[in-house]
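Subject: Structure for your files

Hello,

Here is the structure I said I would send. My notes on it follow below.

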Amino acid sequence: MKPEISVIIPTYNRAHTLPETLQSVLDQSFVNWECLIVDDGSSDDTRSAISSFLLKDKRFVFIERPADKEKGAAACRNIGLEAAKGKYIQFLDSDDLIAANKLQSQLEALKKISAQSIATCKWGRMKPRWNVPQIYKSLPSYNSTARPEKLLTTFGKRFTYFPLHVYLIPLNLIRKAGVWNETLSVNDDGEFICRIILNASEITFVQNTYVIYKQGAGNRLNGALTTEGIKSYIEAWQLIEENIFQNTGIENHILVRQAKHSFFERIKTEFPEVVLKYKDFFASKMTRKEYVYLKVRNRIINEFST
């Protein structure tokens, strides 16, 4: 039987975390899935660490990135998309987890609405020394909307976001919006999901399920703090800014201005030469006054909503 959902997991030297991630896929109440594990040239014992999954369940498929393909998570996800047989795509990092009813609950929700809609859900964090994850019960992003671009505004105004594995995405929507940008080494996920949101016809928030982001396995923003990483991060936001304008007609979108402000504050002392080089990019960043105002406003809103 052809799988309805393809789970795509890029991995690199994650033999110590990948089995738990795969177990969260195996535990799904929905059974008609395939799980494509795309290895980015691991030098650890990744394959042997997951051999029991591969041997016992043919829904797990191990794919090695060809030597002539670009290295990186974005390229591995594109390799997974090329091999995917499902109508819906679940992206999952090799150290994160999904609740047992995640695929079933979101698929049921998507089947009730338009074909190019996406599903979101609750999410939480798990830190190394925690015994149980912290699931956020209420966030400003926990809403359904027939205007998907509103989610980007919420991200900008409320200083929030969704990790990638929150989404369940129709494959035909990915084909419409475009695959992963393999030239970006940092913030490729933000650039990709922005295109998905802008091309979606609707967003449905599924209340009764969640995903877990495993914190402590590497901070992407910290990884950006090299000259090359900063360049990629800025290029990604330039693409996001362009895509938002092309799809909505909105210039200087609050999400982009907020990101520019936050990144400027992070690098201005350590990388003054980079700030000078990209002065035109940072010229339209959120002002300090607006940033503080939104921070205070959000704090007040959060206090009254709890």
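Which residue in strand 4 is the bridge partner of Ile5? It is Tyr88.

This is a predicted model, so to speak of it: local features need pLDDT of at least 70, side-chain atom pairs count only at pLDDT 80 or more, and totals for chains, interfaces and linings use all residues. Residues are numbered from 1 along each chain as its sequence is written, and side-chain values use heavy atoms, with hydrogens and water left out.

First sheet. Strand 1 (residues 5–11) and strand 4 (residues 88–91) run parallel and are joined by four bridges. They belong to an open sheet of five strands with mixed pairing, in the order 3-2-1-4-8. (Strands are DSSP runs of E, at least two residues; helices are runs of H or I, at least four; both are numbered from the N terminus. Two strands pair if DSSP finds at least two bridges between them.) Strand 3 (60–64) and strand 8 (169–170) are the edges, each pairing on one side only.

Strand 7 pairs with strand 6 (residues 118–126) in the antiparallel sense over two bridges, and Gln134 in strand 7 is the bridge partner of Arg125.

Helix 14. Val292 is found in this helix (residues 288–305). Val292 is partly exposed, at 36% relative accessible area (partly exposed lies between buried, under 20%, and exposed, over 50%; 1.4 Å probe, protein chains only).

Regards
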